[in-house]
Amino acid sequence: MDLGIRGKRALICASSKGLGRGCAEALAEAGVDLVMNARGAEALEQAAQEIRDRFGVEVVTVACDVTTPDGQAQLIDAAQGVDILVTNAGGPPPGLWTDWDREDFIRALDANMLTPIALMKALVPGMMERGWGRVVNITSQSVKSPIPALGLSNSARAGLTGYVAGTSRQVAPSGVTINNLLPGIHDTDRAASLDGGVSKKEGISVEEARKKREAGIPTRRYGTAAEFGATCAFMCSHHAGFMVGQNVLLDGGVGNQTM
């Protein structure tokens, strides 16, 4: 399927690896030029060069921490005029509700709620002026089914979801859509970290921890970055102009909900 976005330009946050890298590759395959971001300059430039070589698109890199004011300023400056924004940031650490203090919540809100909002406020007005734009926020399955050990993530991402629900309806008349993409467990460093935590807590191997988690997924496997990226690319495509303020769950069927 031709996604109708060849020649567009996209900013993809946290895109040197994992789900962000999957989104960057899928958009590049559709002919989209990229602004890629990550904290580690070496890994970022390596990923960018591989995408340039493979897909022949223009790729600009900005190595910074997008959750900081300075990082946001650098990224916004480099991304002026983009047609597509994919926000993404690693989730806060797991723990017990009794472990977290005010500063823990502030850090989670900064990374997973306020950073995407800052990027949207800076870049969506230009999309509206041009009459076309796509925003996809990578959030979490916890928005629909809260995960007890991820209370910080549950809270911050739910706040972003509420913001998007209202804002998306306001910008839609200008040809701009904002939606959220909710990953379940995918085969990334984040999954490996969670499996490592289970391994340590339960005294089992990491492989056993993974198999135990896979057994609870109807597809009996983790998702891949490539299929996640393909879903993101469709949400950014010409064909998704009637999709507004939605939370697209990509979790292998873990969320057992009618709606």
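The model is predicted, so local features need pLDDT of at least 70, side-chain atom pairs count only at pLDDT 80 or more, and totals for chains, interfaces and linings use all residues. Residues are numbered from 1 along each chain as its sequence is written, and side-chain values use heavy atoms, with hydrogens and water left out.

Start with the division. Domain 1 covers 9–184 + 228–247, and domain 2 covers 186–222. These bounds come from an automatic or database domain assignment. The two centres, taken over C-alpha atoms, lie 25 Å apart.

Now look at the interface. Here 10 residues of domain 1 are in contact with 5 residues of domain 2 (contact means heavy atoms within 4.5 Å). About 530 Å² is buried between the domains, and carbon and sulfur atoms give 57% of that area. Buried area is the accessible area (1.4 Å probe) that two parts lose on being put together, summed over both.

K17 forms a salt bridge with D189, with the closest N and O atoms 3.0 Å apart. The term means a side-chain nitrogen of Lys or Arg within 4 Å of a carboxyl oxygen of Asp or Glu.

Last, turn to G197. This residue sits in helix α6, residues 189–202 (a helix is a DSSP run of H or I, at least four residues, numbered from the N terminus). G197 counts as partly exposed because its relative accessibility is 41%; partly exposed lies between buried, under 20%, and exposed, over 50% (1.4 Å probe, protein chains only). G22 is 175 residues away from G197 along the chain, and their C-alpha atoms are separated by 25 Å.

How values were computed: Helix = DSSP H or I, 4+ residues; strand = E, 2+ residues; numbered from the N terminus.
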